Amino acid sequence: MACLILKPDREKSLLRQHPWLFAGAIERFEGRARPGDTVDILACDGRWLARGAYSPESQIRVRAWTFDEHEPVDHAFFKRRIAASLARRQALPELVGQQGLRLIHAESDGLPGVVADRYGDTVVLQLTSVGADKWRAAIAEYLHQATGCARVYERSDAGVRAMEGLPAATGWLHGAAPGSLDAPLVIEEYGVRMQVDIFAGHKTGFYLDQRDNRRRLAQLARDRRVLNCFCYSGGFSLQALAGGAREVVSIDSSAPALAMFEHNLALNPQLPHERSASREADVFTALRELHQAGERFDLVVLDPPKFAPSAKHAERAARAYKDINLAALRLLSPGGLLMTYSCSGGIGLELFQSIVAGAARDAGRSARIVERLFGAADHPVDLTFPEGEYLKGLLVLVD
Ligand code: SAH
């Protein structure tokens, strides 16, 4: 097996079992390896540190599979790791029986570059590293076996694949007639039915990470006038309606997303449709217009797309977050709630909190954090990998 030898004093993060080895830490390469091959990583004194997948095109040159010198990376390895991921979901009662569930959360489940989401009896697999890509067949096979799901569909079309020199890859890996399902996929989440578009929807089709926060909104929405910004297929809106909101206004700039929302409303005849209104608009503009029109809301949800994919975009992203939070705070009636999120890896909780604080100051509103919100438990954060905590939210109560 080929091996990489590190520069002096560059072994610390691997000793803490952080799974990423950056190109700059490498002194030299011994042997030959093709993209995705398994390589050993040694400290400059020859001490064995880790074994991982070689990504010659990426600044993250190796993603560690294992920190155990005696653990080979073979078919049995993937079988064990997948079984362990599934067992973690079984350990948490609120996850057992969820129809939409993240089964594998990449680095945080010991499988860098591998994401697998279950929607009913379909598993959607997303491979984002060249190492993961190489083990596609084994991963798909064990997922199929271990879950008993009828179908495995690959949605490896995330932009990050380009950084690994990989083209997009989509298609059925198991079951189903190529290219189609007999009927659209529908899952139920805390009493609400939702369509999941695994072929063209965002991520693997749905934002599973916000599941518990959508339920939290249902608990807070009673009798309130709710504004849901960046609504996508309306997950938060549906839960607000289920929770007894007086009115729910949903905004998204994407026509296909709003069409999914309409479809989702139709899947839930038990909800008071007459209390729901949606509009296709840019949130930045719409918030200003609502303010100019003198509109008031009792609860505003802000769940924007990732403004800062990495730390180098943080400054521009911070301005965008401040903009929308300021505009949302202005719309709140006294005693109103702002439920605000950032899913940017490049913006930590502390920075996000200071952005929202700046927004409140500029909006002239006295406000306090009453809750901190995170991704659901099927999106765990391995203690060795704090980067895994990308989704953070604040529930803010204004005077
Ligand atoms: N809250 C949703 C997920 C939101 S994803 C859920 O729980 O499922 C972010 C959404 O923001 C996408 O649907 C995208 O179409 C929308 N979006 C991105 N930029 C926008 C903008 N400037 N104005 C309005 N919507 C925008």
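Select helices α2 and α4: α2 passes α4 in a right-handed crossing. A crossing is right-handed if the near helix is turned clockwise from the far one by less than a right angle, and left-handed if anticlockwise. The model is a predicted one, in which local features need pLDDT of at least 70 and side-chain atom pairs count only at pLDDT 80 or more, while totals for chains, interfaces and linings use all residues. Residues are numbered from 1 along each chain as its sequence is written, and side-chain values use heavy atoms, with hydrogens and water left out.

**First stop: α2 and α4**

Helix α2 spans residues 75-90, and its axis comes within 9 Å of that of α4, with a crossing of roughly 45°. Helices (H or I, at least four residues) and strands (E, at least two) are DSSP runs, numbered from the N terminus. Axes are lines fitted to C-alpha atoms, for helices over the stretch in contact, and angles run from 0 to 180 degrees between N-to-C directions. The two helices α2 and α4 are therefore oblique to each other; angles under 35 degrees count as roughly parallel, over 145 as roughly antiparallel, 65 to 115 as roughly perpendicular and the rest as oblique.

Next, show the side chains between them. From α2, His 75, Phe 78, Lys 79, Ile 82 and Leu 86 meet Ala 138, Ile 139, Tyr 142, Leu 143, Gln 145, Ala 146 and Thr 147 of α4, where contact means heavy atoms within 4.5 Å. The residues of this contact comprise eight nonpolar, three polar and one charged. In this division Ala, Val, Leu, Ile, Met, Phe, Trp, Tyr, Cys and Pro count as nonpolar, Asp, Glu, Lys and Arg as charged, and the others, Gly among them, as polar.

The strands form an open sheet of five, in the order β7-β8-β9-β10-β11, with mixed pairing. At the edges stand β7 (100-105) and β11 (169-174), each with a single partner strand, so one side of each has no neighbour in the sheet. On average, neighbouring strands of this sheet are turned by 20° against each other, direction ignored.

Within the sheet, select residues 122-127 (β9) and 151-156 (β10), which run parallel and are joined by four bridges. Two strands pair if DSSP finds at least two bridges between them. Here Val 124 stands opposite Tyr 153 of β10.

Select residues 38-42. Five of the five residues of β4 are buried, so the strand is largely enclosed by the rest of the structure; buried means under 20% relative accessible area, exposed over 50% and partly exposed in between (1.4 Å probe, protein chains only). In a regular strand the side chains alternate between the two faces of the sheet. In β4, Thr 38, Asp 40 and Leu 42 point one way, and Val 39 and Ile 41 the other way.

Strand β1 (residues 3-6) pairs with β4 in the parallel sense over three bridges, and Cys 3 stands opposite Asp 40. Strand β5 (residues 48-54) runs antiparallel to β4 and is joined to it by five bridges; in β5, Arg 51 is the bridge partner of Asp 40. The hairpin of β4 and β5 has five residues between the strands, and Gly 46 takes a positive phi near 90° there.

Most residues other than glycine have a negative phi, and most peptide bonds are trans. Select Gln 17, in the loop between α1 (12-15) and β2 (20-22): Gln 17 has a positive phi of about 65° although it is not a glycine. Gln 17 is partly exposed, with a relative accessible area of 39%.

Lys 203, in the loop between β13 (192-196) and α5 (211-220), has a positive phi of about 50°. Lys 203 is partly exposed at 29% relative accessible area.

Pro 184 lies in the loop between β11 and β12 (185-189) and is exposed, with a relative accessible area of 51%.

**Last stop: α9 and α10**

Select residues 314-331 (α9) and 349-363 (α10), whose axes come within 8 Å and cross at roughly 45°. The helices α9 and α10 are therefore oblique to each other, and α9 passes α10 in a right-handed crossing. Among the contact residues are Tyr 321 and Leu 329 of α9 and Phe 352 and Ile 355 of α10. The contact of α9 with α10 divides into ten nonpolar, two polar and three charged residues.
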